[in-house]
Each structure stands twice: as C-alpha cells, then as structure tokens.
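Biologist: Hi! Could you walk me through how the two chains in this one meet?
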2 protein chains.
Amino acid sequence: MDAALCEVTFIHEDRVQAAQQTLVDPPAAARLAAAFDALADPTRVRLISALIDQELCVCDLAALLNLTQSATSHQLRILRNLNLVRTRKEGRIVFYALDDQHIRDLFQRGLEHIRHNSQG
Amino acid sequence: MDAALCEVTFIHEDRVQAAQQTLVDPPAAARLAAAFDALADPTRVRLISALIDQELCVCDLAALLNLTQSATSHQLRILRNLNLVRTRKEGRIVFYALDDQHIRDLFQRGLEHIRHNSQG
DNA sequence: TGAATATATGAGCAATTATTCATATATTGT
DNA sequence: ACAATATATGAATAATTGCTCATATATTCA
C-alpha cells in the first residue's frame, strides 16, 4: 500500500472544521517554529538569560558562559537574525541586548512552564 | 594554540558579575531549551494551534494537517513528554488537548513576536 | 602603515531529528 | 477467538545543527 495519510475514517468532522479557525498556515508555522527554535538550545537560553537586565559584549558573554568567542558569535548571530537581540557598536566592541520586552515575556513564560512542571 | 575560551581581556567585569544573577544554570537551561524545542518545529506548532480551543483525536489531527498517522503520533508524543499536551482516552480513541493555560499564553507570545517582526 | 584587538564567518564533523516503514498494542464488535 | 480499527513505537535514513578551526573584517593605537 502507498504511504497513506489519514486514510482512517474521519472521527469528528465538526471539530476538525472548527480547528481550521485556529490552525496556523504553513508559512506562519515555519516562522513561529523558527522563533521558538532560537530559544531551543541551552547555550542560547543562557545567552538570553544573561541579557535580561543589561547589555553585554561578545567577550563578556563568552567569558560568562565559558564559551569560545567563535561559538558565542555564531549563536548570537542566530539570535540577531531572528530579532531576539539587537546590537550597538562602540568602537570594536559590539554590545548585545534583548530586542524588546516581548522577548523577556516569552522567556519568562518558558521559565514558568518548566517550574510548573517536572519539579515543584 | 589550544582551543582557548575567552582568552581576551575581560571587558566589563562588573556587568558580567551582575549578569550572574539572571543567568540560568546549565540544568535549567537544558530543560528550558527542551520546552522551547517542543515548539521549534512547524508540524508541532500547527498541532498546538489546532488544539487551542478544543481537544482532537490523533486521526483528526492527522487529517487536518495532512500527515500520516505515524508522524502525527510521533510528534504528539514529544509534546506529551514535555507536558505541553495531555491525553484522555475514550475507547480506542485518544483525545489530545493543551495541558494548561500556560501553553496557550506561551504560544500567543510567540505569535505576537512574529507579527511584531518580519512583517507589519 | 602596521600591530593588536574585538567580532564575524565559511568549511567540516559529530550529534540530533523529522519522517517513513513495518509492526506492536489496545479496544470494539461479531 | 478473530477481524477491524485507533494509536504507539522501534529502526533506518536524510536533513539539520552546534561547535571547532582557520581566517576574514573592522577598529584602535603607535
């Protein structure tokens, strides 16, 4: 048989139709997934957490997280490309900061989730 | 030379010390990254979005997203293992629903982020 | 201009992962 | 018990990715 999709009987057609209302379309899903993916790595989570209250330069971040300069810079680029952080240049030093309050909120919600689950 | 970490001069030692306050430790970072990672895939994003207002069974979800039953089940397991969704069994049918309001909030924040960025 | 410093980036590798395929488990009805 | 149905899952594979290494770009200072 071929790689059938859901060949099974439609169980709840009314609900499926209703779900169309909230279902995000594939392009939006891709962008949303990419945004969450930016926070889906322990190193990037720590970078964001370090920037919660203040801006820091690449070398600060590398020292703080015990990373190489290269690894830090690579990860920061990902965060910047997805508009989670913004940069400010001062001479040769580049300061990174969270882009806006949305990011802080999103991050906090995530923290609440893991505190709410897996251990009290 | 060896794979040096941040061998460069400490630029802002005071800020680095301050950042220790908000810096999440590696275990928490791993758990937080895992939580965000659950939403870091377009298929899982669409599954969550379909469950915003109501519960749906596996076959409903597969049909709605045009996925195979197997792929749907695999992805739902990831969401369930991370406590983003919960299940209710009724005979052979397993209904999936969002675990709590936190998830809805987290998802909404993500949506706001992508709407705020990349296009007006 | 040339050396030093701070950051950025391309290539490569090891590790992770989303899907498919085949099959297992669980429930219902005959 | 047996067939049918709904879901779950292990193995395999192609694609993605985080880090390292080497090197490039940019800025400051002498």
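Modeller: Happy to! One term before we start: a salt bridge here is a side-chain nitrogen of Lys or Arg within 4 Å of a carboxyl oxygen of Asp or Glu. Also, this is a predicted model.

Biologist: Good to know. How many salt bridges are there across the interface of chain B and chain A?

Modeller: The rule finds 4 between chain B and chain A. One of the salt bridges joins the side chains of A:D105 and B:R109, at 3.0 Å from N to O.

Biologist: And which element gives the largest share of chain B's side?

Modeller: That's α6(B), with 12 residues. Other elements giving two or more residues include α2 (26-38), α3 (42-50) and β3 (93-98) of chain B.

Biologist: What kinds of residues are on that side of chain B?

Modeller: They divide into 42 nonpolar, 16 polar and 14 charged.

Biologist: OK, and how much area is buried between the chains?

Modeller: About 6200 Å², with carbon and sulfur atoms giving 68% of that. In terms of contacts, 72 residues of chain B touch 72 residues of chain A.

Biologist: Switching topic: how many aromatic pairs does the structure hold?

Modeller: Just 1 over all chains. The partners are A:F36 and B:F36, with ring centres 6.3 Å apart and planes at 25°, so they count as stacked. The pair crosses between chains, from helix α2 of chain A to helix α2 of chain B.

Biologist: Are those two buried or exposed?

Modeller: A:F36 is buried, at 1% relative accessibility, and B:F36 is buried too, at 0%.

Note on methods:
Residues numbered from 1 in each chain as written. Chains lettered and ligands numbered in written order. Predicted model: local features only at pLDDT ≥ 70, side-chain atom pairs only at ≥ 80, totals over all residues. Heavy atoms only, no water. Contact = heavy atoms within 4.5 Å. Buried area = accessible area lost by both parts, 1.4 Å probe. Helix = DSSP H or I, 4+ residues; strand = E, 2+ residues; numbered from the N terminus. Nonpolar A, V, L, I, M, F, W, Y, C, P; charged D, E, K, R; others polar. Phe/Tyr/Trp six-rings, centres within 6.5 Å; stacked < 30°, edge-to-face > 60°. Buried < 20%, exposed > 50% of the residue type's maximum accessible area, 1.4 Å probe, protein only.
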